Amino acid sequence: MEGSGGGAAPSSAPVKQYLQEFSKLFQYYLDKSTPHSAYRWIGTLVMASIYVLRIVYVQGFYVVSYGLGIYLLNLLIGFLSPLVDPELDPSNSPLLPTKGSDEFKPFIRRLPEFKFWYSFTKALCIAFVMTFFSPFDVPVFWPILLCYWFVLFVLTMRRQVAHMIKYKYIPFNLGKQKYTGKKSSAGSSGSRAD
């Protein structure tokens, strides 16, 4: 009787050690992929293409795809939104400049690009795995779900774009601003002395 309780602990120790080593290795490769955003997104788009091909091939799992689409829309809103929303936090010094004379403040996202990519990819993998289990294949009329998702997407993006216009921010990095020299007057813009 005394030996049966001690036998369970040593057998779980190698499993726990393996999971810790796997977690460290996973985190190592995740950290190494951080500066390579283009390659990360290309890999995710390849995975998304495989997922779409799987859905088309099995002709099912539309509810899983709809749930994935709603989750990705939620992630996109977080990615496009500022960390502190000026509508929700009206303080004396707004985080985003609202006038040309205001001090430049960089755009800080509510959901950073890496977390957006990681959550996107993780959700895609979970949805892909769910397509191998028949309980998740709920029979629905998929065109209605697709139309409803498009309506949600358009309404949400219209609201988000209106918010961007109202508070004058662009959630994308357009690269380093380049100096083009002093702007010349309209009369001397086309002439150049050689």
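Let's start with the core. In this predicted model, the largest nonpolar core has 25 residues. Y51, L68, L75, F116, F120 and L124 have the most contacts inside it. Four helices, α2, α3 (62-80), α4 and α5 (142-167), each supply at least two of the core residues. The largest share comes from α3, with nine residues.

Now the helix pairs. Take α3 and α4. Their axes are 10 Å apart, and the packing angle is about 175°. The two helices are therefore roughly antiparallel to each other. On the α3 side, the contact uses V64, L68, Y71, L72, L75, L76 and F79. On the α4 side, we have E113, F116, S119, F120, A123, L124, A127 and M130. By class, that contact divides into 13 nonpolar residues, one polar and one charged.

Next, α2 and α4. Helix α2 covers residues 37-58, and α4 covers residues 113-130. Their axes come within 10 Å and cross at roughly 25°. Angles under 35 degrees count as roughly parallel, so α2 is roughly parallel to α4. The crossing is left-handed. From α2, the contact takes S37, R40, W41, T44, M47, A48, I50, Y51 and R54. From α4, the residues include F116, W117, F120, L124 and F128. This contact divides into 13 nonpolar, three polar and three charged residues.

One last stop: F120. Which residues is F120 in contact with, leaving aside its neighbours within four places in sequence? They are W41, T44, L72 and L75. W41 and T44 belong to the α2 side of the contact with α4. L72 and L75 belong to the α3 side of the contact with α4.

Definitions and conventions:
Residues numbered from 1 in each chain as written. Predicted model: local features only at pLDDT ≥ 70, side-chain atom pairs only at ≥ 80, totals over all residues. Heavy atoms only, no water. Axes fitted to C-alpha atoms, helices over the stretch in contact; angles between N-to-C directions. Parallel < 35°, antiparallel > 145°, perpendicular 65-115°, else oblique. Left-handed = near helix turned anticlockwise from the far one by under 90°. Contact = heavy atoms within 4.5 Å. Nonpolar A, V, L, I, M, F, W, Y, C, P; charged D, E, K, R; others polar. Core = buried A, V, L, I, M, F, W, Y, C linked by side-chain atoms within 4.5 Å. Buried < 20%, exposed > 50% of the residue type's maximum accessible area, 1.4 Å probe, protein only.
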